[in-house]
Amino acid sequence: MKLTILGCCGSYAAPGGACSGYLVRGGGVNLWIDAGPGTLANLQHHIELDEIDGIVLTHAHPDHWVDFLPFHNVVRYIKRRSGLPIWSPGRVRELAETVNGDLTHAVDWTVIDATSHVELGDLRLSFSRTDHGPETLAVRVDEAGGASLAYSADTGSDWSLTDLGPGIDAALMEATFPLEEEGEFQHLSGRQAGSLATDAGAGRLFLTHLQPGIDPRRQEADARTTYEGPVEAVTTNTTYEIGTT
Ligand SMILES: [Zn+2]
Ligand SMILES: [Zn+2]
């Protein structure tokens, strides 16, 4: 399973950057998780737009989904495709319909919650409600007979990665804040991200949702105080092999 970073800026994009978005390739399918501003442009560095097999949007904050709006218009009016599967909490669908109108011509949208299970090709997806303002779903992706990736989406520290079960090869965790801002909002520091990854026994830790202006090396160093495995702050347009370290 391959994880490609389409954007990793937290809350807003740094110059030349993009907000949260991830392309997961494995199990015979291409899955797009979160569609923050800038990710649609970056997606095209890696894949043709009509090669997307499904989309997961984790929550209604704009830094995680608004590039779905132009993508929907590509699917409906340019590619003229129908039935593209998409999964999200209900609020994201409501907001998308408010802007783009009837979505049913192009996409097959299923509203999900923490109890949902999704299959796409040979990928199995499960979810967990995080500690974050709007309904927010962390996502676990398991490739049949292969690797396992867990993505925190956005969360505060009152959530546990263990909710997504054991055997996580790689944890993609938000690490928005420096230590001195811990607890100010429902986001994590590098130290807290490391602690959650340790509790879950994750094999590898990737840091994302990095707030512009904060040094990624500092976030890595803070994570290493609570997590002993490999730690890396991700970079946009980089592809990581999951389950081979
Ligand atoms: Zn966010
Ligand atoms: Zn958020």
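A residue counts as buried when its relative accessible area is under 20%, as exposed when that area is over 50%, and as partly exposed in between (1.4 Å probe, protein chains only). With 0% relative accessibility, I55 is therefore buried. This is a predicted model, in which local features need pLDDT of at least 70 and side-chain atom pairs count only at pLDDT 80 or more, while totals for chains, interfaces and linings use all residues. Residues are numbered from 1 along each chain as its sequence is written, chains are lettered from A and ligands numbered from 1 in the order in which they are written, and side-chain values use heavy atoms, with hydrogens and water left out.

**Around I55**

Let's stay with I55 for a moment. I55 sits in strand β4; helices (H or I, at least four residues) and strands (E, at least two) are DSSP runs, numbered from the N terminus. Which residues does I55 touch, not counting those up to four places away in sequence? Its contacts (heavy atoms within 4.5 Å) are L31, W32, F68, F71, L84, P85, I86 and W87. E135, by comparison, is 80 residues away from I55 in sequence, and the two C-alpha atoms are 17 Å apart in space.

**The zinc site**

Now look for the zinc ion (ligand 1). Four residues coordinate this ion at 2.1 to 2.2 Å: D63 (OD), H64 (NE2), D154 (OD) and H209 (NE2). Donors here are N, O and S atoms within 2.8 Å of the metal (3.2 Å for Na, K and Ca), and water is not among the atoms, so sites may look incomplete. Along the chain, the donors of the zinc ion (ligand 1) follow the spacing D-H-x89-D-x54-H. H64 lies in the loop between β4 (54–56) and α2 (68–78) and H209 in the loop between β12 (205–208) and α5 (216–224), so this pair ties together parts that are 145 residues apart in sequence. Both H64 and H209 are buried.

The angles among the four donor atoms run from 85 to 165 degrees, and the site of the zinc ion (ligand 1) is irregular. Four donors count as tetrahedral if all angles lie between 85 and 135 degrees; four count as square planar and six as octahedral if opposite donors are over 155 degrees apart and all others between 65 and 115; anything else is irregular. D154 also bridges the zinc ion (ligand 1) and the zinc ion (ligand 2), which lie 3.5 Å apart.

**Two positive phi angles**

Most residues other than glycine have a negative phi. H209 is not a glycine, yet it has a positive phi of about 55 degrees. D34 is not a glycine either, and its phi is positive at about 65 degrees. D34 belongs to strand β3 (residues 29–35) and is buried, with a relative accessible area of 0%.

**Salt bridges**

How many salt bridges does the structure hold? There are ten, each being a side-chain nitrogen of Lys or Arg within 4 Å of a carboxyl oxygen of Asp or Glu. The table includes three of them.

| Salt bridge | Closest N and O atoms |
|---|---|
| E180 with R218 | 2.8 Å |
| E182 with R191 | 2.9 Å |
| E232 with R204 | 4.0 Å |

In the salt bridge between E232 and R204, the partners are 28 residues apart, E232 in strand β13 (residues 231–233) and R204 in the loop between α4 and β12. E232 is partly exposed at 30% relative accessibility, whereas R204 is buried at 13%. Elsewhere, salt bridges that share partners join E180, R218 and D222 into one network.
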